[in-house]
Amino acid sequence: MTRYDALVLGAGHNGLTTAAFLAQAGLSVLCLEKNDYIGGAAVSRKLYKDWTYSNCSYVCSLLRPEIYRQLNLAKHGLQVTPFGGSVTFMENGDYFGSYHDPVVAYREMARHSRRDADAYTRYRADTRRQSRLIREFLLTTPPDPTSWRPRDLIGLLGIGRSFAALSEEQMLDTYRFWTLSVADYLNEYFETDVIKAALSGSGIIGTALGIYSPGTAYVLLHHYMGDVDGNVGTWGYARGGMGAVSNALAGAFREHGGELRTEAGIERILTKKGRVTGVALDSGEEIEASTVVSAMDVKRTFLDCVEPEALPSAFLERVRHFKSRGSSGKLNIALDGLPEFPALPKDSPLYYSDMHFVDSMARMERAYDDWKDGTWSKDPYVDMVIPTLVDPTMAPPGKHFMSCFVQYCPHRLEGRDWTRAEREAFAQTVIDQIANYSPNFKDLILHVEIRTPADIEAEIGITEGNIFHGELTMDQLLFNRPVPGYAQYRTPVRGLYLCGSSTHPGGGVMAAPGANAAREILADLRRPSSVPESFGDD
Amino acid sequence: MSGRQVAQGRLVTPFYSRQRELDTVNRWHEWKGYTVADEFYCSELEYFAIRNATAVFDLTPMTKYRISGPDAPAYVDRLVTRDMTRVPVGRVAYAVWCNDSGQVIDDGTIFRLGELDYRLCSQERHLDWLLTSAAGFDVDVAHETADVAALAIQGPTSYATLDRMGLSAVGHLKPFNLMEVDFAGTSIVISRTGFTGDLGYEVWLPPQVAERFWDELFAAGRLTGIRAIGTDALELARIEAGYLMADIDFLPADTAIRPGRTRSPLELGMEWLVDFGKPMFNGRRALADELRKGSRWRLVRLDIEGNKPAKDAYIFAKPKGGEQIGFVTSAAWSPVCKQNVALGTVNARYGAVGDSLWVDIYYQRELHWTRKMARATVVDGPFWDPPRRRATPPGPY
């Protein structure tokens, strides 16, 4: 039987990040992946001829630049190219665009409402203020509010200090912000329905909540706190698709002597007397290690892979109730050419932006109503991008890859499995919606990959296909993520750690959970850590 | 003769008509008498055209000289510090030339177009020095800046773009090779050179066919992400490539007023460009002396912690209480390397590769200034040097 200092379970971007930092610290590390390819949900796959699909995650902004730099991901082939703006097509034939150029963005907003355009200044400052608070803590382990250990007290003091630096009014705003619905939040700034609808999308992406559900204002922030080269809120494409992120991380991992094995699913995480001893693979093979790090979500780790008798009952119960509900699906489409959107002027820069087709708050909420009824949205919120307009590597010249993120889409239909016909009906709903604004779209479709949450769960392993490994609501954030008392990447089983997006600071291709986990593990092993600190915004 | 007057104001290059059509931000500046763009629509996105697709930069204002005649090879070899006898027809050589004190007058590229025919491109104007250095040589030196329009076509899809334009022959060019190709009934020169550290080409052509070339190039680049770029985007790319800029990273020796402001090639990290095996070149004796006695300055490439560009920063040997040992000349956050990079000059006693120095960074957030002492590691070579830069034949992206 082979022995390693540490095993990392799952070669998604967080697993690879942890693995790379552990290997950089000199540990012998084996990273195990159930699929025959690495990357988890940050993956590039050739599913149709010469087309490369970012078939799960599709844009990149949260990836911490500190990690990018520390692991030398540029040398390992990662290049992130920013793209600008977004557009929301309206039922009346008009559209609302958000341009990369702030001068034009203002002018466009003023075309819909001059008051809203001016209010945007206040909205931006208020939102950035909240985002600044969070950004500071992305690369830190959440302090335990019940602990008297010096590092927890110092951590709490740090949070307290940032908070105390706010004015009284800003403090109260912050309390409100963390609990508000995105709709209520936007109503405090804007009067125009389409502008609010366009901005509210970020409040529900990946979340089984509607725009009127409390807590969605925070989710909005989660999509605003990223940056590309210091441009906070900017999004980018990983050149070659999102798999480029995972491949570069794997390159860094291997550079430091790490070993990767694919087609090595985990049957059991082995424990003895409250301590982890290794893993048993699907194949029956056992691998020993005194440190095991699970990049799987918290539910899959503890409900599927650890014997329940090895876990405290209350902990297990908390894990069972951790909310990781499937709420979004995807369509990945190969196109024979660029679809035309007659509402836009030819050559509009908005072709390069992400596109949406729901133009009112009421329609946004109705999309959620369908999900609550156990079915997919019949008029969904689609976040559609065509990365090949920017990335020359993903499709033959003149051909395109289109990624459609679809909200809402349930894990199970009215409590039962999806049928083939229903999956196709789901896809047709999305295609029809886009075709309403692009007459030549349907004729250009060469291939469609349909991904319901059930498909994502089956392939990637994320419980219910929830893209964030569990929802980003206040009850499941910071020192409550994934469950109270276990927010510091450690678990009730000694030597067993979590490093996936179920842990702080949550989902998105950020690599922060993976890096934070590595820091904690290395501290326990009394090894020096190269996990970087935040650059800081100030 | 009365009524004679030189052109007033700024000149425009042969590509100006096309560039003006693309321009949306109205940001232009003067470069050697010409109007050129800082940016056309967004320098950030223009920069990414260099690193992701095809970027087109108008370098017509570069100073260009034609050097020809029976003694041209011997003259060029004598002029610059490197061995030019080993540069065959069809090659381009990066070179520096010095005054008799071994101080750099300028750097530039020398294109060997024929056995007895060279083109020299530089930032500054040097006809006076070039003719002074020609004493005793049977050589003709002619200024040809306005006679040669020039475009840099740079980026990972630059070859794919030229290929689509019907210029697939350039696929055989290795870095620093050049070839002549027919275009619109005339002969143009394409070299695999550039100022970006990426895959790229430069095209040298008669002004009469400039607009036609531009139009065909942009038509061909429609599906390969072609973008016109201004100087702002190029400047970031050249810092990432670690290239020096005259008047920014060093002062051309013939413009220096104060003592100690000039630099020798040894002080600029260009030992590899100085060939003491040559019996004679301008500045040889002084440089040989310097080699024995030691240099005063050293050019350093710095990898700086954090993400705040070290613009105009002082360099220190120690984070506290140390003496100031130099200063940063170029600095940027590199989007493609995700590194905080800088070029700087330090006292030659400091700054060996691998050394840690310290830079004093000032930056502003919402009007307030902050000062941060950041560790700067001296690194070797360019910050950005992707394999595609050298791949021959080049890939499609």
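In this predicted model, the axes of helix α1 (residues 13-24) of chain A and helix α17 (residues 512-524) of chain A come within 7 Å and cross at roughly 35°. Axes here are lines fitted to C-alpha atoms, for helices over the stretch in contact, with angles running from 0 to 180 degrees between N-to-C directions, while helices (H or I, at least four residues) and strands (E, at least two) are DSSP runs numbered from the N terminus. The residues that make this contact include F21(A) and L22(A) of α1(A) and I521(A) of α17(A), two residues being in contact if their C-beta atoms, placed from the backbone, lie within 7 Å.

Chain A also meets chain B, with 19 residues of chain A in contact with 21 residues of chain B. The largest share of the chain A side, three residues, comes from α2(A).

Chain B itself holds eight helices and 19 strands, and its C-alpha atoms fill a box of roughly 65 × 55 × 55 Å, taken along the principal axes.

Residues are numbered from 1 along each chain as its sequence is written, and chains are lettered from A and ligands numbered from 1 in the order in which they are written. Because the model is predicted, local features need pLDDT of at least 70 and side-chain atom pairs count only at pLDDT 80 or more, whereas totals for chains, interfaces and linings use all residues.
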